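Let's take a quick walk through this one, a helix here and a side chain there. Have a look at the model first.

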Amino acid sequence: MMTDSRVVDFVLSQTGLALFSLLLTIFCYFGAKRLYKYHRVWWLAPIVLAPIVITLLVFNLKIPLPTYFEYTHWLMAMLAPATIAFALPIYRERNLIRQYPLTIGLGVTAGLFLGMMSSWLLVKFVPLPVELSKSLLVRSVSTPFAMEATSAFGGVPELTAMMVLITGVIGILVCDPLFKFMRIRTSLGKGVALGASAHGAGAAKANEIGKQEGVIASLTMIFIGIAMVLGAPVFALIFI
């Protein structure tokens, strides 16, 4: 067994801090998820609470970012196989796709181009660093698709992931008042809007509203992501 001094030395070493960072990230996520299960308020949503707590802890504990990402980057790497799993809801809900092909198709098209156009206008009229500007253009699709597509725009995957997170958080915060203001009451309308504008966070919010809203949001999010990855080289020529 290690002595107390060796345990302390290991914890304070780069490897120990990296392992601690991984455990901290997992604990914060599942802790936030458990809190949100019993208290449905937006500031306890895992996508909001976990990043804030992790950022504050990493900053206050003075954990170097390279050390933090040494093991936690594997969590990001898990997004790749998760992307393949998106094929399951497409197959499972194929009848719903056949039932509303025009609505879903228009939602995907509008969400894709309005998302890129709004990002392009922001980059055009607000002075931003070049890396941030290029990483911002694919912020309106789900993280695994955005990180894959951003290379065509010359963006930085880590910055893109952060922009996707911020976009999702804003989407779930403003959706309810916007639905009331725009008088969007149908399950189809809410699902398409959330999936097209707030991707993964929007799909989670749609599932809270209702089962059909969640399914529609997931399908919209998936198809927009696929369209972005396939069309990224062409979109890059248009928007850069």
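## Helix H8 and its cover

Which residues of H8 are buried? Keep in mind that this is a predicted model. The buried ones in H8 are Ile104, Gly107, Val108, Gly111, Leu112, Gly115, Met116 and Ser119. In an α-helix, residues three or four places apart point the same way, because there are 3.6 residues a turn.

As for the helix itself, H8 runs over residues 101-125, 25 residues in total. From first C-alpha to last it reaches 36 Å, close to the 36 Å expected at 1.5 Å a residue. The cover over its buried residues includes helices H7 (94-99), H9 (130-136), H10 (143-153), H12 (187-209) and H13.

Glu213 sits in helix H13, residues 211-239. Glu213 is buried but has no salt bridge. Lys190 is the nearest side chain of opposite charge, and it is 5.5 Å away; a salt bridge would need a nitrogen-oxygen pair within 4 Å. Leaving out neighbours within four places in sequence, Glu213 is in contact with Ser187, Lys190, Gly191 and Ala206.

Phe179 belongs to helix H11. Its relative accessibility is 9%, so Phe179 counts as buried. Beyond residues up to four places away, Phe179 touches Ile184, Lys190, Ala193, Leu194 and Ile209. Its C-alpha is 9.2 Å from that of Gly189, 10 residues apart along the chain.

Met162 is also in H11, which covers residues 157-182. Met162 counts as partly exposed because its relative accessibility is 40%. Met162 is part of a nonpolar surface patch whose members include Trp42, Trp43, Ile166 and Phe181, with about 1,000 Å² of accessible area for the whole patch together.

How values were computed: Residues numbered from 1 in each chain as written. Predicted model: local features only at pLDDT ≥ 70, side-chain atom pairs only at ≥ 80, totals over all residues. Heavy atoms only, no water. Patch = residues over 30% accessible without salt bridge, like charges linked within 9 Å, V, L, I, M, F, W, Y side chains within 5 Å. Areas by Shrake-Rupley, 256 points an atom, 1.4 Å probe, with all protein chains shown as cover. Helix = DSSP H or I, 4+ residues; strand = E, 2+ residues; numbered from the N terminus. Buried < 20%, exposed > 50% of the residue type's maximum accessible area, 1.4 Å probe, protein only. Lys, Arg positive; Asp, Glu negative; His and termini not counted. Contact = heavy atoms within 4.5 Å. Expected span 1.5 Å × (residues − 1).
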